[in-house]
Amino acid sequence: MTTVIRVQGMEKSYKDLRVLRGVDFEVAKGSIFALLGSNGAGKTTVVKILSTLLKADAGTATVNGFDVAAQPENVRESISLTGQFAAVDEILTGRENLVLVAKLRHLKDPGTIADTLLGRFSLADAGARKVSTYSGGMRRRLDIAMSLIGSPPVIFLDEPTTGLDPQARIEVWDAVRELAGQGTTVLLTTQYLDEAEHLADRIAILHEGRILVHGTLAELKQLLPPATVEYVEKQPSLEDVFLSLVGTNH
Amino acid sequence: MRKHFLGDTAVLLGRSMTHVTRSVDTIITTAIMPVAMMLLFVYVFGGAISTGSPSYVTYLLPGILLITVASGISYTAFRLFTDMKSGVFERFHSMPIARSSVLWAHVLTSLVANLISLVVVVGVALIMGFRSSAGILAWLAVAGIMILFTLALTWLAVIPGLTAKSVEGAGVFAYPLMFLPFLSSAFVPTGTMPGPLRAFAENQPVTSIVNAIRALFTESPLGNDIWIALGWCVGILIVTYAFATAAYRRKIA
Ligand SMILES: Nc1ncnc2c1ncn2[C@@H]1O[C@H](COP(=O)(O)OP(=O)(O)OP(=O)(O)O)[C@@H](O)[C@H]1O
Ligand SMILES: [Mg+2]
């Protein structure tokens, strides 16, 4: 299996604050990797370093075979970033935002690309409206759609589903699974344990500047004492109730 | 990446020009303040000011043009600041584009938006009786000075645009700039000012730029003013460009 992202001994401090103190992990091609961690653990910092927005103080990191410090332009050719806070142009329409990114990626036929993505992220009706009139969830979906343009081999998603309703969340999950199915490598960060559980092939927990544990869900579960068997009636989760009431197309 | 610089800059320029045209109010606000000042000075104070020039509006216009640019560049800083804060810059910087085109697009947008405001202000001045017998070469020279001046102040505006902590902080630097013309030959001849003030007024950039443009409009001898004016514009441009690009490099790590 080929390793697409390799991080070794990554360190980063903001002045006196030592955020990353030697982070190591690897992500295999076509897999979904979830970086879990509480607020301020340094997830965004890791993502920013891997997407060449920030320089690490020590350690090495390669993305798609390119060193993030020495070959940043090659790294940028290989990736796309969806930052923690939706980075969309408020004054342009949703469609114009997508066309803009398609043009900057030097793709043919930006209009068609934009229309396809608007349809895929349930934004077709809102495509001609200024983004300043969008709801938070619509912005986030547009933001993710913008990141898919150009089909880069590696995608970083920093808390992609924070602020989304359950339906939009599942839409994003489906899109992420589809990408991985096509061979795209996905690194996502999340606060939601169930998101990591549902989506990720491998999970790493970032804590106090280091990767505390790292493995598949099954491997992580083995870290806990064996479960005792209890008989309980299966209750529908709140999510099931919500989805059945608002109606879902899944 | 060089091969994309022009194409990427053009795409991003198109984007920020859309911002300008979608908020026409910014162009109007940019033009309204200098126009109001021009009305005030011509119709209220003008009668009491003796400049030795037959038409006060013609005397006044060069200074008003500089004020127009000084107020216009606060929007340059504002647009940059918004891109920094909204994460749009980070999105662009994580993409395989020529990074410097992100900044150049803002600079060119500032130039175009300010030139539009300047045309509006000159239009109003014409209605108020501004007349010039200057030929095409003199007008081109005025345009050249104004472009240099706008570029110099635009690069100055880039610095707070990139480094400010708040929106107010991003725009506040423009106020002292708008005040400088009052301590120059823009509104009244410097001859009546008391000693130290006069010394300041006669040696600050606005006076030589205003005098040069005024001489071009009235077809008077240019003297040294044009060279001093060009020297100031180019000097300020070089310094602000150096600081702005240094600030930019620090921001993008
Ligand atoms: N530019 C900066 N200057 C100073 N400190 C910073 C800066 N950026 C982040 N930090 C600090 O570094 C730590 C890690 O931040 P980071 O954003 O990487 O955390 P995170 O895991 O993404 O948190 P969250 O879940 O809240 O998004 C935090 O304590 C934060 O305050
Ligand atoms: Mg974060």
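**Salt bridges, a helix and a charged patch**

User: Which residues form the positive surface patch?

Analyst: In this predicted model, the positive surface patch consists of A:K15, B:K85, B:K165, B:R250 and B:K251.

User: Where is B:K251 found?

Analyst: B:K251 lies in helix α11 of chain B, which covers residues 225-251.

User: And what is the relative accessible area of B:K251?

Analyst: The value is 42%, so B:K251 counts as partly exposed. Patch residues need over 30% relative accessible area and no salt bridge.

User: Changing topic: how many salt bridges does the structure hold over all chains?

Analyst: There are 15 salt bridges over all chains. One of them joins the side chains of A:R140 and A:D143, at 2.9 Å from N to O.

User: How are A:R140 and A:D143 placed in helix α5 of chain A?

Analyst: They are three residues apart in that helix (residues 136-148), so about one helical turn separates A:R140 from A:D143. In general, an α-helix has 3.6 residues a turn, so residues three or four places apart point the same way.

User: Are A:R140 and A:D143 buried or exposed?

Analyst: A:R140 and A:D143 are both buried.

User: What about A:R141, which residue does its side chain meet in a salt bridge?

Analyst: The side chain of A:R141 meets that of A:E171 in a salt bridge of 3.9 Å, N to O. This pair links distant parts of the chain, 30 residues apart: A:R141 belongs to helix α5 of chain A and A:E171 to helix α6 of chain A. Both A:R141 and A:E171 are buried.

User: Which other residues of α6(A) are buried?

Analyst: Besides A:E171, the buried residues of α6(A) include A:I170, A:V172, A:W173, A:V176 and A:L179.

User: How does the span of helix α6 of chain A agree with 1.5 Å a residue?

Analyst: Helix α6 of chain A (residues 166-181) has 16 residues and should span 22 Å; its end C-alpha atoms are 22 Å apart, so the two values agree. Just after α6(A), A:G183 takes a positive phi of about 100°.

User: Over to chain B. Which residue forms a salt bridge with B:R15?

Analyst: B:R15 forms a salt bridge with B:D83, and their closest N and O atoms are 2.8 Å apart. The two residues connect distant parts of the chain, 68 residues apart, with B:R15 in helix α1 (residues 5-22) of chain B and B:D83 in helix α3 (residues 56-86) of chain B.

User: Are B:R15 and B:D83 buried or exposed, then?

Analyst: Both B:R15 and B:D83 are buried.

User: Which residues are linked with them in a network of salt bridges?

Analyst: A:D89 is linked with B:R15 and B:D83 in a network of salt bridges.

How values were computed
Residues are numbered from 1 along each chain as its sequence is written. Chains are lettered from A and ligands numbered from 1 in the order in which they are written. This is a predicted model: local features need pLDDT of at least 70, side-chain atom pairs count only at pLDDT 80 or more; totals for chains, interfaces and linings use all residues. Side-chain values use heavy atoms; hydrogens and water are left out. Patches are made of residues with over 30% relative accessible area and no salt bridge: like charges are joined within 9 Å, nonpolar side chains (Val, Leu, Ile, Met, Phe, Trp, Tyr) within 5 Å. Accessible areas come from the Shrake-Rupley method with a 1.4 Å probe; for residues, only the protein chains shown count as cover. A salt bridge is a side-chain nitrogen of Lys or Arg within 4 Å of a carboxyl oxygen of Asp or Glu. Lys and Arg count as positive and Asp and Glu as negative; His and the chain ends are not counted. The place of a charge is taken as NZ of Lys, CZ of Arg, CG of Asp or CD of Glu. Helices (H or I, at least four residues) and strands (E, at least two) are DSSP runs, numbered from the N terminus. Buried means under 20% relative accessible area, exposed over 50%, partly exposed in between (1.4 Å probe, protein chains only). The expected span of a helix is 1.5 Å times one less than its number of residues.
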